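Please keep the sequence and the structure in view while reading.

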Amino acid sequence: MAFSSRLKDIKKAAIQELTGSNICLNEARVETLLLIEHVFGLKNKDLLLNPDIEVPENKVKKFNMFIKKRLRKKIPVQYLINTAYFMSEAFYVDKNVLIPRPETEILVEEVIKRARKDSKIIDIGTGSGCIAIMLAKKLPQSEITASDISQNALKIAKINAEKLGVAEKINFIRSDIFKNIDKTEKFDIIVSNPPYIPSGEKESLQAEVLGHEPPLALFVGDKEGISFYKELAQQAASRLNPKGMLAVEVGFAQAGALRKIFELNGFEHIEIIKDMSGIERVVTGFFKNF
């Protein structure tokens, strides 16, 4: 990258270099702004207010080093700087957890819309803890449990809960779905963003995802990518309180199959919510045995 000390030139050059390496424009913008904040301590609003702001040469070199490493090793910027934003909050992330996506914010928002102020909620497969933590922040009177099969993921989730001031509001437990959850414990809401990519589609993924994000949180063995949902829905029926809700994020073109899975396991009032791109992204349903 050519040297310039003007931040707007640095931003423009970084986005061009990233998009020139087959990174989509929106992702390139997000990653560039993350790096600008990390290296220069400046947000996009600072650039908008003062487009000709100049930054020290040593920091420009550090910024360019990050860009080169990002492109050479195909490591997502979020892992390079151990930071990802979710619902405007900064979360610590590393290779043990998925990078939180904007689509998952829809799942959290839909749960909040349907929850009571004092709901008892469990987040299955919590990863970085982004879902459980934001529910704890937005529904402070609720009782939140966050589970994951990965002990390393739980460590990250606990770090984030402490960082964001809700560690005492969340019960973290290592469990494969409900395996280690007390059999007598029931919930008002079960929420999950589970693995839903068929293992046969691995080669179609970006190198950044395939090479760096945890496979356990991404892939399932069946061709449709719905095996986890089937198991979750079957177990959820006996783990929900009266009028209890199951809410999940789904992959592309999976919502129709999820509706059938929900119906077969006794759920009704099923809703499918689309994301900003018009893709069916979230499925919710209420257990009808009440």
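In which helix is lysine 73 found? Lysine 73 belongs to helix H4, which covers residues 57-73; helices (H or I, at least four residues) and strands (E, at least two) are DSSP runs, numbered from the N terminus. The model is a predicted one, in which local features need pLDDT of at least 70 and side-chain atom pairs count only at pLDDT 80 or more, while totals for chains, interfaces and linings use all residues. Residues are numbered from 1 along each chain as its sequence is written, and side-chain values use heavy atoms, with hydrogens and water left out.

With a relative accessible area of 44%, lysine 73 is partly exposed. Here buried means under 20% relative accessible area, exposed over 50%, and partly exposed in between (1.4 Å probe, protein chains only). On the surface, Lys68, Lys69, Arg72 and Lys73 gather in a patch of positive charge. Patches consist of residues with over 30% relative accessible area and no salt bridge, like charges being joined within 9 Å and nonpolar side chains (Val, Leu, Ile, Met, Phe, Trp, Tyr) within 5 Å. Lys and Arg count as positive and Asp and Glu as negative, whereas His and the chain ends are not counted.

## Salt bridges

The structure holds 14 salt bridges, each defined as a side-chain nitrogen of Lys or Arg within 4 Å of a carboxyl oxygen of Asp or Glu. One of them joins glutamate 110 to lysine 113, with 3.1 Å between the closest N and O atoms. Both residues lie in helix H6 (residues 102-114), 3 residues apart, which means that about one helical turn separates them. Glutamate 110 is buried, at a relative accessible area of 8%, whereas lysine 113 is exposed, at 62%.

Glutamate 271 and arginine 114 also form a salt bridge, their closest N and O atoms being 3.2 Å apart. This pair links distant parts of the chain, since glutamate 271 is in strand S10 (residues 267-274) and arginine 114 is in helix H6, 157 residues apart. Glutamate 271 is partly exposed at 38% relative accessibility, and arginine 114 is partly exposed at 22%. Another salt bridge, of 3.3 Å from N to O, brings together the side chains of lysine 120 and glutamate 185. Lysine 120 is in strand S3 and glutamate 185 in the loop between strand S5 (170-174) and strand S6 (187-192), so the pair ties together parts that are 65 residues apart in sequence. Glutamate 185 is partly exposed, with a relative accessible area of 21%.

## A buried charge without a partner

Aspartate 123 is found in strand S3, residues 120-124. Aspartate 123 is buried yet has no salt bridge, and the nearest side chain of opposite charge, lysine 158, is 14 Å away. Not counting residues up to four places away in sequence, aspartate 123 touches Ile131, Ala132, Thr145, Ala146, Ser147, Val191 and Ser192; contact means heavy atoms within 4.5 Å.

## The loop between S5 and S6

Isoleucine 181 lies in the loop between S5 and S6 and is buried, at 5% relative accessibility. Its contacts, leaving aside neighbours within four places in sequence, are Ile122, Ile173, Ser175, Phe187 and Arg239.

Although not a glycine, isoleucine 177 has a positive phi of about 55°. Most residues other than glycine have a negative phi.

## Strand S9

Lysine 243 lies in strand S9, residues 240-249. Lysine 243 has a positive phi of about 65° although it is not a glycine, and at 58% relative accessibility it counts as exposed.

Leucine 240 lies in strand S9 but is buried, with a relative accessible area of 5%. Leaving aside neighbours within four places in sequence, leucine 240 is in contact with residues including Lys186, Phe187, Asp188, Phe267 and Phe287. The C-alpha atoms of leucine 240 and phenylalanine 287, 47 residues apart along the chain, are separated by 7.5 Å.

How values were computed
Accessible areas come from the Shrake-Rupley method with a 1.4 Å probe; for residues, only the protein chains shown count as cover. The place of a charge is taken as NZ of Lys, CZ of Arg, CG of Asp or CD of Glu.
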